[in-house]
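Keep the 3D view open as you read.

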Amino acid sequence: MKEQAPRLVMEGIDKEFPGVKALSNVNLTLYPGEVHALMGENGAGKSTLIKVLTGVYTIDKGTVTYEGKDIHVKSPHDAQDMGITTVYQEVNLCTNLSVTENIFIGREIMKNGRIKWKEMNKRAVELLKRLNLDIDVTKLLSSYSVAIQQMVAIARSLNVSAKVLILDEPTSSLDRDEVKQLFAVINKLKSEGMAIVFVSHFLEQVYEISDRITVLRNGEWVGEYAIEDLPRLELVGKMIGKELNEMSSISKERKSSVKGEAILHAQNLSKKGRIEPYDLELHKGEIVGLAGLLGSGRTELARLLFGADKADTGELKISGNKKVLKTPKQAIANRIAFCSEDRKAEGIIPELTIRENMILAMQGMYGWFKYISKKRQMEIADEYTKLLNINPPNPEQLIKNLSGGNQQKVMLARWLITNPEVLILDEPTRGIDIGAKTEIMKLMVKLSGEGMSILFISGELEEILRTCDRIAVLRDRKKVSEIVNKDHQTQHEVMTEMAGGV
Amino acid sequence: MKKLSLDYKQLPLIATMSLFIVMFAIGSMRYTGFLSTQVFLNLFVDNAFLIILAVGMTFVIISGGIDLSVGSVIALTSMVAASLTMNAGLSPWIVIPISLSVGTIIGLGQGYLIHYYNLQPFIVTLAGMFLARGLSYLISVESIAISSPFFDYMAGTRIPLGGGNFISISVVIALIVVLFAVYVSLFTKFGRNVYALGGSEQSALLMGLPVARTKILIYTFSGFCASLAGLVFTFYMLSGYALHANGMELDTIAAVVIGGTLLTGGAGYVAGSVVGVLITGIIQTMIVFEGTLSAWWTKIAIGVLLFFFIVLQRVIVLRTKPK
C-alpha cells in the first residue's frame, strides 16, 4: 500500500475564523484503498478540515495535492467534480425527493434538455445493488430509515465516481446491524481502491475498520499513525493531550441497598406502539440506567415519565402521590427534568447566549411574566459555567459557537438550575468527546450523592455500568429485566438481556 | 404501508381535484345552464391572469419562500403598458417587452437581496409590494383607459372551439405558461433544484447544487409571471390603474395552497395550483348563478377552504414524519 503514490496530500493547512484559529499547520495524507480515521475531540478541527477539503471553506494557507496536482477547491460542487465527496453526520439529503433523485440531483442524466427518469431509476437500482441494498428507488427518501438514507448518500458519492469519500460520523445514528452493513460497504469500496476518511467517536469502530489514524488536537496536527502502532489508551491520550485514567476513576459507592419511599414509581405504564407496559421505581439518590439497542424503546419509556407523551395505561406515583402527567409542564412542576437526546432540535436555541439558554427552564417554571433580574441571571450563569466547566467560560457567548460537549453541558445546567428531584438524561454523552463525557458522568455521580435521582439513558453500556446502581434493560419496546449493578458479571448479564436472552 | 406515504403527499392534489369535480357537479344540479362547456371555459377566461400568477408562485412556495409583490407588479405593469401606449403612443412591439421586464427586474432584485443578504423572502417581497404599488401611483393616480387596435384585438378575439364555445388569447398564453412550467418542474435541473431547495437549503448547498442561481431565478421567474399576468390583466380590463389587483398576491397564495403545495416548501405541483385557481373561480361562478348572494361569500368560502387545506397538510406532514 505504501509504495503507491498518495491520492491526496494536504500540507500545512491553516484556517482562521474571526477570533479563532481553527486549523494551524495541519497535514493529511490519503492513499488509495485505505480507510483513514480522523480523530480528535470536539473542537479539534476535524469538521473544519473536512469542510476546507470539500470547498465549503477556503484555505488560508497550505497546499492540497490531489493525484499529483495542486488543486484549489472552490465549492462543494467543485470538489465533487474532482471526485471528493462527503457524507455528513446529519445526512444531508433532501427527504422530500425520491431516492433516485437524491442520488442524481446536480448531475441528472439529461437528453435534449430533458431529465431521463427511467434511466436514472435504473442506474440508481444498480448503484444501490453495489451496496447490497434493494429498495424501491422511486419512493421518497423520507420513507426510509436513517441507515438507508446514509447508504443513499454513499450511493450518491459512488455515482460521481468518487476517489475520496469522507464519512463524517456515519455510525452515530445506526444500530449494530446497520453498522455492520455499513462496514461491509466500506470494505468493499476500499478494495475497489477508494480512499476513505472515517470520522467517528466510537473507538471500537475506528479500530475495527481503519488502517491509519491522523490525530488532531485544538486545531493542530498531532501525528499520523498506523493502527497497529497505536493502542487505544495512547490514542485517547493523544486526543486529549493527557494520559487518561479519569474515566476509570468514576466509580461510586453503589448503594444497592437504598430503599424506602420511591420518588418515582411507574406501574404498568404504556403507550400503544411505543412502549409495552412497564414498572419502574426510582429512589432518592439513585442512578438507574436504561440499556437497550437503538429503537428498543428507551426514549419512549422516559417520555412517559416526563409527560412528553401521554400514557395509555398504568399509573405514576410521585413521592407516593398518584399523578397524571399530560404535559411536560406538569412534570416540571413535580420537579422532574428531562434533558433530550436531540439537543439540536429539542434543546438549544442557537441564537441565544449561554446565559439565556440556561435561564429558559427556570423562567418557564416561574411563569413567563415574572422578571428575573439580569444580575441574578448572571450569578446563576456564572455559577453553573464554573460548576460544569463550560468552555468558553463566558456566559454571554452565543451557544451556537460552542462545541457539542459544551452545548450539552449548558442543557444540563438549564435543568439543574430548576433544582429537580428527578433528572432524566437521554443520551447526554452522544456525539461529544471523551473529556466532556467523563465530566458529565462525574457530575451525575456527584448529584446522586447529593440526593438527586437520575434516570440515565445511554447507548454505551460502558457508561451505564460505570455510573448506575440499577439497570433496566429494554428490548423491542419492552422492559425485559432489571439488574442490580454489582460486579463485572453485570455487563455479561445486561448484554445477554439486550441481545435477547439465552 | 410505505406505498401509502407516497400517496399521502399527493393527497392534497387528489382532494383538490375531487373537490373541483364535486363542486362542478353540485353546480350543474342546482343551476340550469351551469353544466356547459362554456361555463367551464369561462373559468379559464376569467382567471387567466391568476393562473399565470399561481404558476410563478408555485415555484416560490415549493422552494420554501413567498412572494408578496405579485399583486402590485400587476398594477405597475398595467400602468406602464397603459401609459406607454396611451401617453407615449408607442407601438405594442415596444410596450410588451418593456412591460414584461418590469416584474422580471423587480423579481431579480428581490431574489438577489433574499439570497446574498440572507433576508426573509416575506419582508423583501413586502418591500417590493409597497414599492411597485407606489410606483404605479407615481405614473398616475387616475385610471388610464386603453384603446389601441392591438389591445382591443387581444381583449376581444375569441378563439372558437366548436359548438359555439370559445376561449380568449389570454387563456392560450396561460396554458402555454402552465405547460412550460410543468415541463420545467418535472424534467429540468432547475425544476428539481427548486424542490431540493424547499426540502433543505443546507443539504442542497452541500450536495453541490447551484443554490444562489436557483433562488434568484425562482424570484425572477415569479416576477416575470407577475408581469405577464399584468399584461393579461390589462387585456382583460383594458385599462391601467394603480389600484388594480389589490390583494391579489393573497388570492394567489390561497390558490396555490388549495392546489396542494406545502407552504413549508418541498412539495407541490404546478398542475395543482391551476386546479386551485379553478376552484376559486368556480366558487365565484356558483355565487353568480345563485344570484342573491353577495360577492363577499366568495371570500368566506375561500377562507373555509383554506382552513380545511392547511389542516389537511398538517395532518399529512405529521403522518409522513418517520417515527
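Which side chain of chain A does Arg192(B) meet in a salt bridge? It's Glu101(A), with N to O at 2.3 Å. Keep in mind that what you're looking at is a predicted model.

On the side of chain B that touches chain A, the elements giving two or more residues are α1 (2-30), α7 (169-187), α8 (189-199) and α9 (201-206) of chain B. The biggest giver is α8(B), with seven residues. Sort that side of chain B by residue type and you get 12 nonpolar, 10 polar and five charged residues. Counting both partners, the contact draws 27 residues from chain B and 29 residues from chain A. Together the two chains bury about 2,400 Å², and 60% of that is on carbon and sulfur atoms.

Now for the rings. Over all chains, the whole structure has 22 aromatic pairs. Take Phe49(B) and Tyr236(B): their ring centres are 5.6 Å apart and their planes stand at 55 degrees, so this pair is tilted. Angles over 60 degrees would count as edge-to-face. Phe49(B) belongs to helix α2 (residues 37-62) of chain B and Tyr236(B) to helix α10 (residues 211-237) of chain B, so the pair ties together parts that are 187 residues apart in sequence. Are these two buried or exposed? Phe49(B) counts as buried, at 7% relative accessibility, while Tyr236(B) is partly exposed, with a relative accessible area of 42%.

Helix α10 of chain B also holds Phe235(B), which forms an edge-to-face pair with Phe150(B), 6.3 Å centre to centre and with 75 degrees between the planes. Phe150(B) lies in helix α6 (residues 149-156) of chain B, so here the parts tied together are 85 residues apart in sequence. Phe235(B) is buried at 5% relative accessibility, whereas Phe150(B) is partly exposed at 23%. Elsewhere in chain B, rings gather in a group: Phe20(B), Phe24(B), Tyr31(B), Phe34(B), Phe40(B), Phe44(B) and Phe289(B) form one aromatic cluster.

Back to charges, this time within chain A. How many salt bridges does the structure hold over all chains? The count is 29. One of them joins Glu396(A) and Arg355(A), whose closest N and O atoms are 2.8 Å apart. Glu396(A) is in the loop between α14 (374-387) and α15 (404-417) of chain A, and Arg355(A) is in helix α13 (residues 354-366) of chain A, so this bridge ties together parts 41 residues apart in sequence. Arg355(A) is buried at 5% relative accessibility, but Glu396(A) is partly exposed at 33%.

Another bridge stays inside one helix. Glu379(A) and Lys375(A) come within 3.9 Å, counting their closest N and O atoms. Both lie in helix α14 of chain A, and because they are four residues apart there, about one helical turn separates them. Lys375(A) is exposed at 62% relative accessibility, and Glu379(A) is partly exposed at 42%.

Last stop: Glu286(A), Arg470(A), Lys479(A) and Glu482(A), which are linked in a network of salt bridges.

Terms used:
Residues numbered from 1 in each chain as written. Chains lettered and ligands numbered in written order. Predicted model: local features only at pLDDT ≥ 70, side-chain atom pairs only at ≥ 80, totals over all residues. Heavy atoms only, no water. Contact = heavy atoms within 4.5 Å. Buried area = accessible area lost by both parts, 1.4 Å probe. Salt bridge = Lys/Arg side-chain N within 4 Å of Asp/Glu carboxyl O. Nonpolar A, V, L, I, M, F, W, Y, C, P; charged D, E, K, R; others polar. Phe/Tyr/Trp six-rings, centres within 6.5 Å; stacked < 30°, edge-to-face > 60°. Buried < 20%, exposed > 50% of the residue type's maximum accessible area, 1.4 Å probe, protein only.
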